[in-house]
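I opened this model to look up how its parts are put together. My entries follow in the order I made them.

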Amino acid sequence: MESAKIIDFQSLTDKVGRFNLRDKTCLIPEMNRIGCHLLAAVFRGFGIHARVMETCKGMDLGKEYTSGKECYPCQITTGDILYAMQEERERLGNAFNSENYIYFMPEADGPCRFGMYNKYQRMVLDTFPELNKVKIGALSTKDGYSLAGIIDDSRVRDLRKTSYLSLVVGDILDRLLWRIRPYEKTAGEADAFIEKAMHLMEDAFERLGPDKDFDSILNELETVIEEGKGIVDSEIPLKPLIGIVGEIYLRTHVQANQDVIRVLERYGAEVVNASIAEWANYTSYDRLREARARFRLCLRQFRFGPLKTLLKDMVGYGGDFYYQRFRQKQTYQRIRSVIDLPEDHEIGHLEEILMKKDLFSFEVGTEACLSIAGIVAYAREGYNGVVNVYPFTCMPSTVTSAIVRPIMNELGVPYLDTPYDSSVQPGREAAIRTFMYQAEQHFRRHGRKKKSD
Ligand code: SF4
């Protein structure tokens, strides 16, 4: 592809934002494989032509069009969109028109670089005359990932509810894999089963999602889980339980983290990774928390003008947060009657952990809020070790590491930092093996979290 030199900064506002997806192809980057495919299926059910882009195939393009100073997820996703466009151009020839695509790249409202990926990628796309009409669909944490405007108003709430359920079901399928794979009767059986299960659930969401027939979707999920249980060899004794926290993209993108969960399993672990729904819950919780704080401040300052808007925000964000909590709890309750998968930490509980020991503050924001509190929660629950997975130089994860290291020493629970970029760190596997040795010792001395806790 030939790139031009001139950059139009106006396009940062004109072509990055929330756009109607009617008659467009919505390209979703693959982060956690299952969740992204289920989300695309939900979108398709609602009449949006959505698909998940292949990931890491465009790594060379990603490296060519970044400087190396960007966060690793930015490099990967830049490569993913450029590769997807290259493939489309080859497939369609003269019929290719970049105006037909909307590239889905959510953002976070600071203070780290996540809010900049889509701006940077806008500038990259604009340097190619044949790609400068691809719009970037940027949902933002600023409004709790509102979907308003992307489809007809009358369908927005249903789309949001169904999308949320697809995230929860994606998390559950991931947790099912990590629960059964370390104990599978035949090597490779669990992976093959989960791949098949993902397609079954994609079909269920596409068919049943638009009518919000959640009961039938969960019936299908229960059937999948029943079948998955059959893969477990009950003769294999329980293994040390390892919790994972960290930056959401790296800890869930298998290629980016060099399949760290499988490496941990190879050295004897059963693993639970922090979920995707946890981030969605956190953003709704945090918007509600901020709206409440602003409301109280206005009252104290006798500024009554903004109160109506703030009250509306509180009702909106509160509705989202409590709905999500209800739906997630209800879903886990159903599947826990079939198999003992761990539930997510409550966001309010995580904030309490931080406040009680004055470890960090939700006022600062970022995933450090979830990671620091999540690590402490894992340790208290009796996990045998915790791993922090993140992109090399990631700001919130480095902060997390600095805060939790002394705490984990005090608690006597093994802890490991695993920063990743596109290189392979010599010694990484040795570090994981040593960590697992410590986790095994912890397991022998203390046992492990009861699976039904
Ligand atoms: S969370 Fe880390 S990896 Fe993601 S944008 Fe912020 S600094 Fe970069």
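**Helix pair H7 and H8**

I began with a helix contact in this predicted model. From H7, I listed Phe193, Ala197, Leu200, Met201, Ala204, Phe205 and Leu208; they meet Ser216, Ile217, Glu220, Leu221, Val224 and Gly228 in H8. I sorted the contact of H7 with H8 by class and got 10 nonpolar, two polar and one charged residues.

Then I looked up the geometry. H7 covers residues 189–208 and H8 covers residues 214–229. Their axes come within 10 Å and cross at roughly 170°. I therefore noted H7 as roughly antiparallel to H8, since angles over 145 degrees count as such.

**Domains**

Next I checked the domain assignment. It gives domain 1 as 11–146 and domain 2 as 238–275 + 346–453. I read 29 Å between the C-alpha centres of domain 1 and domain 2. Their contact takes 12 residues from domain 1 and 17 residues from domain 2.

Which helix gives the largest share of the side of domain 1 that touches domain 2? I found helix H4 (residues 72–92), with three residues. By class, that side of domain 1 has nine nonpolar, two polar and one charged residues.

**Five-stranded sheet**

I traced an open sheet of five strands in the order S1-S5-S4-S2-S3, with parallel pairing. Strand S1 (16–17) and strand S3 (49–52) stand at its edges. Each has a single partner strand, so one side of each is left without a neighbour in the sheet.

I followed S1 to its partner. S1 pairs with strand S5 (residues 135–137) in the parallel sense over two bridges. Valine 16 has isoleucine 136 in S5 as its bridge partner.

I also noted a helix on this sheet. Helix H2 (residues 33–45) lies across strand S2 (25–28) and S3. H2 runs at about 170° to S3.

I then took strand S8 (residues 385–391) and S9, which run parallel and are joined by six bridges. I looked up asparagine 388 and found aspartate 417 in S9 as its bridge partner.

**Ligand shell**

Last, I turned to the ligand. Which residues are around it? I listed Cys71, Pro73, Cys112, Arg113, Phe114, Glu247, Glu367, Pro391, Cys394, Met395 and Pro396. By class, the shell has eight nonpolar, no polar and three charged residues.

I asked where the shell residues come from. At least three are drawn from each of domain 1 (11–146) and domain 2 (238–275 + 346–453).

Technical notes. Residues are numbered from 1 along each chain as its sequence is written. This is a predicted model: local features need pLDDT of at least 70, side-chain atom pairs count only at pLDDT 80 or more; totals for chains, interfaces and linings use all residues. Axes are lines fitted to C-alpha atoms, for helices over the stretch in contact, and angles run from 0 to 180 degrees between N-to-C directions. Helices (H or I, at least four residues) and strands (E, at least two) are DSSP runs, numbered from the N terminus. Angles under 35 degrees count as roughly parallel, over 145 as roughly antiparallel, 65 to 115 as roughly perpendicular and the rest as oblique. Two residues are in contact if their C-beta atoms, placed from the backbone, lie within 7 Å. Ala, Val, Leu, Ile, Met, Phe, Trp, Tyr, Cys and Pro count as nonpolar, Asp, Glu, Lys and Arg as charged, and the others, Gly among them, as polar. Two strands pair if DSSP finds at least two bridges between them. A residue is near a molecule or strand if its C-beta atom, placed from the backbone, lies within 6 Å of it. Domain bounds come from an automatic or database domain assignment.
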